[in-house]
Amino acid sequence: MFSKLEETIIALPRAINDQRKIVLFPLVNYIDTQLTNKAPIRLNFICTHNSRRSHLAQIWAQTMASFFRINNIACYSGGTEATSIYKSVRLTLVQQGFELEKISEGHNPIYSIKYGAVDQPLIAFSKRFDHPFNPSSNFAAIMTCSSADEACPVVLGAQKRIAIRYEDPKVFDNTPNEQEKYLERSKEIAQEMYWVFSQIENKG
């Protein structure tokens, strides 16, 4: 793992309040059950536009799985519609130690996102949750915003549906503290994904 990213992870606060633990426990249990059954773990993080929270959650979940050496896990993201990955998300990820490379142009560019020199990079672009790039069966659908949770009453193929909602940093777009708020949200998601995977690691 890249040293700057590892420093970011090590500096994360460790405390999670009891209310959020209740929210996060279903994801811990799903991953633990899949590991016990020696089954693949596929997590699809879903939000409305697949431009902010769902990508941050996907990227941090995959990174924390690697950090805790939990194998056989693949993280995805999608939305109820496709837009593009918002610029402040990209800037925040670079600030925290990820390496991003644009591998296609257009209104919805595709990015390679690396968290380590020898790790397989994540391929990231905005897409619907049921895009062919994402799994169509045997996965957990993790709803990261209330509007997506309400707009998608059924996610076909999902073994489990889990609501882990985050406030949308979009409300701070084009304000003086935009980047600060995006970093704050990314750290919050990173902290919670750290806690989730630390619980799995502790069980082993």
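**Close-up 1. The surroundings of T63 in the predicted model.** Leaving aside residues up to four places away in sequence, T63 touches M1, L5, I9, F98 and Y115. This view, like those that follow, is drawn from a predicted model rather than from an experiment. T63 itself belongs to helix α3, and because its relative accessibility is 0%, a value under the 20% limit, T63 counts as buried. A polar atom of the T63 side chain lies 2.7 Å from the backbone oxygen of I59.

**Close-up 2. The largest pocket and the residues that line it.** The largest pocket of the model has a volume of about 210 Å³. Its lining is made up of M1, E6, Q62, A65, S66, F67, R69, I70, N71, I73, Y115 and D119, and these lining residues divide into six that are nonpolar, three that are polar and three that are charged. Helix α3, which spans residues 53–67, gives the largest share of the lining of this pocket, namely four residues.

**Close-up 3. S126 in its loop.** S126 is placed in the loop that runs between strand β5 (122–124) and strand β6 (139–143). With a relative accessibility of 2%, which is under the 20% limit, S126 counts as buried, although it is in a loop. When residues up to four places away in sequence are not counted, the residues that S126 touches are H49, N50, H55, E81, A82, T83, S84, I85 and N108. For T83, another of the residues touched by S126, the backbone nitrogen lies 2.7 Å from a polar atom of the S126 side chain.

**Close-up 4. Cysteines without a disulfide.** The count of disulfides in this model comes to zero, with a pair of sulfur atoms required to lie within 2.5 Å. C75 is accordingly in no disulfide, and the nearest cysteine sulfur to its own, that of C47, is 16 Å away. C75 is buried because its relative accessible area is 4%, and C145 likewise counts as buried because its relative accessibility is 1%.

Note on methods. Residues are numbered from 1 along each chain as its sequence is written. This is a predicted model: local features need pLDDT of at least 70, side-chain atom pairs count only at pLDDT 80 or more; totals for chains, interfaces and linings use all residues. Side-chain values use heavy atoms; hydrogens and water are left out. Buried means under 20% relative accessible area, exposed over 50%, partly exposed in between (1.4 Å probe, protein chains only). Contact means heavy atoms within 4.5 Å. A polar contact is a pair of N or O atoms within 3.5 Å; within protein, one must be able to donate a hydrogen and the other to accept it, and residues adjacent in sequence count only if both atoms are side-chain atoms. On a 1 Å grid over the protein atoms alone, a cavity is a set of points where a 1.4 Å probe fits but cannot get out, and a pocket is an open set with protein on both sides within 12 Å along at least five of seven lines; lining residues have an atom within 4 Å of a point. Grid points are joined across faces, edges and corners, and a volume is the space filled by probe spheres set on the points. Ala, Val, Leu, Ile, Met, Phe, Trp, Tyr, Cys and Pro count as nonpolar, Asp, Glu, Lys and Arg as charged, and the others, Gly among them, as polar.
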